[in-house]
Amino acid sequence: MNNEEKNTFAKEQITEAFLRLLKDSELSQITIVQITTEAQVSRNSFYRNYQDKEEILLQHIKHLITRWNAEYDLNNNQSDKEMFGSLFHHLKEKRDFYLLLKKRNLFHLFLNVFVEIYGAKREYDNMGAYAASFIAYGVYGWIEEWIGRGMQESAETMSALLATSGMK
């Protein structure tokens, strides 16, 4: 195993261990020692990859969303309804993780990643930036409320509701 493979393995172990611990404990109650012990990696491995515990979640969320986005781009024709359906399907598929974030009052980390990926960019003109922000924060609001209400509706229903709401 080369260094990159070892590092990837350590990050996966840390993420999985942290998520197991987070199921039973609040973020503030989990220590780095608990994470590294559960993951069976060294403290150095933790700090080589992460600044703090929240960064584990930020990187994991970014990984999930960018992987979903890449898979969507490969297989779809870019219609709004199709894209929203795919996004809500992804959220349903990873339901346990997203509900855990909500339960632990950490869903704001999803917002950080979502807006970083889909929100305004420096290179956008003002109108483009305002529109991108409006859409990113609006879609996030739908997602957060849906997750907060226990994801009762299907991905297809949420996609149809969002597409007909004017948020497309």
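This is a predicted model: local features need pLDDT of at least 70, side-chain atom pairs count only at pLDDT 80 or more; totals for chains, interfaces and linings use all residues.
Residues are numbered from 1 along each chain as its sequence is written, and side-chain values use heavy atoms, with hydrogens and water left out.

Let me start with the overall build. The protein chain has nine helices and zero strands, where helices (H or I, at least four residues) and strands (E, at least two) are DSSP runs numbered from the N terminus. Its C-alpha atoms fill a box of roughly 50 × 35 × 30 Å, taken along the principal axes. If we take contact to mean heavy atoms within 4.5 Å, then among contacts between residues at least 6 apart in sequence, 65% join residues at least 24 apart.

Now to the inside. We call a residue buried when its relative accessible area is under 20%, exposed when it is over 50%, and partly exposed in between, using a 1.4 Å probe and protein chains only; by that rule, 39% of the 168 residues count as buried. A nonpolar core is a set of buried Ala, Val, Leu, Ile, Met, Phe, Trp, Tyr and Cys residues joined through side-chain atoms within 4.5 Å. The largest such core has 47 residues, and those touching the most other members are Ile35, Leu57, Phe88, Leu91, Tyr98, Phe110 and Ile143. Several helices each supply at least two residues of this core, among them H1, H2, helix H5 (80–93) and helix H8 (126–148). To take Tyr98 from that group, and leaving aside its neighbours within four places in sequence, we find it in contact with residues including Leu64, Leu91, Phe110 and Ile147.

Next, the charged pairs. Side chains of opposite charge can pair when their charged atoms come close. A salt bridge here is a side-chain nitrogen of Lys or Arg within 4 Å of a carboxyl oxygen of Asp or Glu, and the structure holds six of them. One of these joins the side chains of Glu26 and Arg104, at 2.9 Å from N to O. That pair links distant parts of the chain, 78 residues apart, with Glu26 in the loop between H1 and helix H2 (32–39) and Arg104 in the loop between H6 and helix H7 (108–118). Glu26 is partly exposed, with a relative accessible area of 32%, whereas Arg104, at 10%, counts as buried. Another salt bridge, at 2.5 Å from N to O, is formed by the side chains of Glu116 and Lys62, with Glu116 in helix H7 and Lys62 in helix H4, 54 residues apart.

Finally, where is empty space left? Rolling a probe the size of a water molecule over the atoms shows this. A pocket, on a 1 Å grid over the protein atoms alone, is an open set of points where a 1.4 Å probe fits, with protein on both sides within 12 Å along at least five of seven lines, and lining residues have an atom within 4 Å of a point. The largest pocket is lined by 20 residues, of which Thr15, Glu16, Leu19, His60 and His63 lie nearest its centre. The largest share of that lining, eight residues, comes from H1.
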